[in-house]
Amino acid sequence: MTEARFAEDQQRLRMAARAARARLSPGERKTAADAAARLALGVLSPAALMVAVFWSIGDEMDTGPLIAGLAQTGRSCCLPVVVSKGMALRFRTYAPGDRLEACAFGVPAPLATEPYVEPDVLIVPLATFDRAGGRIGYGGGFYDRTLAQLRAKGPVRAFGYAFSVQEVAHIPLGPHDERLDAIITERGVIEV
């Protein structure tokens with residue numbers, strides 16, 4: 001497959017999945033976010049020292065219930081910080097109620113006064129996924145670089161977090177694409 005064809009296939013899948021996600025009603029979104037949070041809290045080991053969760057934007061699965069649940073169960077949480085284009089993400093500690101500021105690309109992140117930490121588990125955003133752990137993000141490669149860097153240092157688990165309507169049969173992956181260990185949707189946990 002040519003590089004141009006590969007990029008076209010990924011863009012087509014990304015757009016179709018985002019359109020399916022956009023069609024969900026506010027009620028469906030809330031019900032799904034609550035269900036996914038319960039499932040995530042059940043599957044995440046209490047021994048996980050630090051869980052990285054993305055701050056949902058737009059029509060992504062709302063991570064608010066998951067972040068609140070992590071805090072209620074005494075688990076530590078951190079949010080990603082986009083340092084700059086082409087670099088891996090960094091992570092800063094976060095607890096519900098902490099102030100956020102816009103980092104690169106306007107993504108909300110903890111204040112620069114919060115310490116950087118390395119997560120043991122990552123909850124990863126995505127546009128679309130398959131049951132083999134394939135994931136298409138939003139095209140920046142941030143999570144692929146981050147996962148490659150963290151996995152080179154030691155074990156770290158990556159859970160995709162999405163609505164079930166974002167699933168496709170097959171994701172074409174490139175040489176730098178990192179697979180997920182599992183995907184959490186409102187319908188269940190898909191172990192890879």
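Throughout this tour, buried means under 20% relative accessible area, exposed over 50%, and partly exposed in between, with a 1.4 Å probe and protein chains only. This is a predicted model, in which local features need pLDDT of at least 70 and side-chain atom pairs count only at pLDDT 80 or more, while totals for chains, interfaces and linings use all residues. Residues are numbered from 1 along each chain as its sequence is written, and side-chain values use heavy atoms, with hydrogens and water left out.

Select F54 and Y161 to begin, which form an edge-to-face aromatic pair at 6.3 Å centre to centre and 70° between the planes (rings of Phe, Tyr and Trp, the last by its six-membered ring, pair if their centres lie within 6.5 Å; planes under 30 degrees apart count as stacked, over 60 as edge-to-face and the rest as tilted). F54 is buried at 4% relative accessibility, and Y161 is buried at 1%.

Next select W55 and Y94, whose ring centres are 5.7 Å apart with planes at 80°, so this pair is also edge-to-face. W55 counts as partly exposed at 31% relative accessibility, whereas Y94 is buried at 9%.

Finally, turn to C77 and C78: are they buried or exposed? C77 is buried at 7% relative accessibility, and C78 is buried at 0%. A search of the whole structure finds zero disulfides (a disulfide being a pair of cysteine sulfur atoms within 2.5 Å), and the sulfur of C78 lies 6.2 Å from its closest cysteine sulfur, in C77, which is too far for a bond.
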